[in-house]
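Here's a quick briefing to read alongside the structure. Have a look at the model first, then go through the points below.

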Amino acid sequence: MLCLGAQHLGLAGPVLSSSASASWVDNITHSPYLDAAYDATVYDVNGAAEWHNQLSRDVSLQYGANAGYESCPKYDGLDRVLAGMQFSVRRKLGLGPFAPAFRAEVSYTGSWYRESLRNGTRLVASCSWTQRWNDSWQTILAADFLHNDGHAAAYDYHNRGLSLETRYDLTERWELAAGAGRRLGEQITYAWLGGSGAEFPYAFDTWKNTTEISTFGKNWNAYTIDAHADSVWFSISPALGGNSSLPLRFEQTTVVGRGESYHTRMISLSFVKRF
Amino acid sequence: MRTWSTSVLAAALLGLAAPAAETVKVVVRTTLDGKPVADAVVSATPLDRPAPPLANPEMVEIEQKDQEFRPYVTAVQVGAKINFPNHDTVQHHIYSLSKPKRFEIPLYQTGAAASEVFDTPGIVTIGCNIHDWMVAYIVVLPTPYFAKTDNTGAAALPPLPPGRYRLEVWHPRAPAPLVQEITSAPDKAAVLEFSVALKPDKRIRRAPGGKPTDY
């Protein structure tokens, strides 16, 4: 099978895509304390090239590269350039749109922040199962393992997640999606030690990998906690023709662990274009 | 079946009997607002004698271009061969699960092409196993007398020798085909007008979706 596939490698051109988003986050500091929960808007642009090579009737390889830039005018330490690559194997169990598909993917992304402490690489290994029930309904069950290897200790963390998303196409133009997921493992968060209410002895007993940062001002620390993060999201996505869309997404995440909990809410509007 | 209704504009010419003509033009419009319906296949099958077999078969082509099939609807006579060239820079994998013709063709290289013979009458729905939104229809007919409506909703059948015919109009979004018997007479012309209540154009969405962010 691999020999059969090898002769096809590189023959099909890449599919190019790009996106631009504006995202407002109510607690970009991931803080349990209201007076330290800062909001911000993040803008990003991304471009990607992906190759798809069908190896046999059921199995295909996809590989690609992407690059992007994110800007947070309010906290410019979060500005970053990122570049990554992905590799996935997809097996579709049968013919047609209603055949279930299984995908295993590995992605590796490097990030270079204005605040260089945050620089690092991220490895994500994931698998997903997609089932289309009819022309309108589709369900995606996904699991992943994430490892972030950062320059500073606080940005060394790993966790794993499980999510379920269902999509419904109201029409060929309008798509609704809703999902929920849980991440287990280390979560990165921040504390303002100049009045956040955190009790230092307790905090430093339970926080891990504390790193002083300057992103949000003086006396801020980044640290990791062992926690679980529950997310729910909803999106509505109008298609702008066959190759572009304008998804509006709302997501809320609740992180609970080691005696701390915090919420983040995010609203993002994106423009996605496939060439 | 009340979904389809017909009116014979040429009734005055042809009398009260079913329309008879050597040349028949059909116009298809929507019931709701009278808009012209493109891609409806109109066919006339002789009832008094066997239909002439396929003569001088031309190679019909359904290309894959811009990750769509072109044309969306193709009508052929039984025995016709259809060529499927991949004119995209991405791979395609054509398949049909339809009873009259089950097949699959991997077209993994740009410029690759393959053909299939369609030897059983019926509707064949084709798709691409890589790009789920791609769909097209092949109407395999037991008669050489057929045509497809254009953007004005009009289709002109080839000249019909005198005799009785089963006239059928099919469209992908019509709940059922309309069937009517007509009689063709020499040196006559008729215009038949049909109205149809089309189902919504429900296809698998092609546009990309959004992705989560890190925040």
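In this predicted model, 28 residues of chain B are in contact with 39 residues of chain A.

**Where chain B meets chain A**
- On the chain B side, β9 (92-98) and β10 (101-107) each supply at least two residues.
- The top contributor on that side is β9(B), which gives three residues.
- Sorted by class, the side of chain B that touches chain A has eleven nonpolar, ten polar and seven charged residues.

**Two domains in chain B**
- Chain B splits into domain 1 (4-52 + 144-196) and domain 2 (60-141).
- Their C-alpha centres are 27 Å apart.
- Where the two domains of chain B touch, eight residues come from domain 1 and seven residues from domain 2.
- On the domain 1 side of that contact, β3 (41-46) and β14 of chain B each put in at least two residues.

**The nonpolar cores**
- The largest nonpolar core has 49 residues, and B:Val26, B:Ile138 and B:Val139 have the most contacts inside it.
- Strand β13 (residues 135-141) of chain B provides the largest share of this core, with six residues.
- Both domains of chain B take part in this core: domain 1 (4-52 + 144-196) and domain 2 (60-141) each give at least three residues.
- Which residues does B:Val26 touch, leaving aside those up to four places away in sequence? They are B:Val42, B:Ala155, B:Val169, B:Leu192 and B:Phe194.
- There's also a second, separate core of 28 residues, and A:Ala154, A:Tyr190, A:Trp207 and B:Tyr215 are among them.

**A four-stranded sheet in chain B**
- Four strands of chain B make an open sheet, running in the order β14-β3-β16-β17 with antiparallel pairing.
- At the edges sit β14 (146-148) and β17 (178-184) of chain B, each pairing on one side only.
- Going from one strand to the next, the twist averages 20°.
- Seven bridges join strand β16 (residues 163-170) of chain B to β17(B), in the antiparallel sense.
- B:Val169 has B:Leu178 in β17(B) as its bridge partner, and B:Val169 is also one of the residues touched by B:Val26.

How values were computed
Residues are numbered from 1 along each chain as its sequence is written. Chains are lettered from A and ligands numbered from 1 in the order in which they are written. This is a predicted model: local features need pLDDT of at least 70, side-chain atom pairs count only at pLDDT 80 or more; totals for chains, interfaces and linings use all residues. A nonpolar core is a set of buried Ala, Val, Leu, Ile, Met, Phe, Trp, Tyr and Cys residues joined through C-beta atoms within 7 Å. A residue is buried if 20 or more other C-beta atoms lie within 10 Å of its own, exposed if 12 or fewer, and partly exposed in between; C-beta atoms are placed from the backbone. Domain bounds come from an automatic or database domain assignment. Two strands pair if DSSP finds at least two bridges between them. Axes are lines fitted to C-alpha atoms, for helices over the stretch in contact, and angles run from 0 to 180 degrees between N-to-C directions. Ala, Val, Leu, Ile, Met, Phe, Trp, Tyr, Cys and Pro count as nonpolar, Asp, Glu, Lys and Arg as charged, and the others, Gly among them, as polar.
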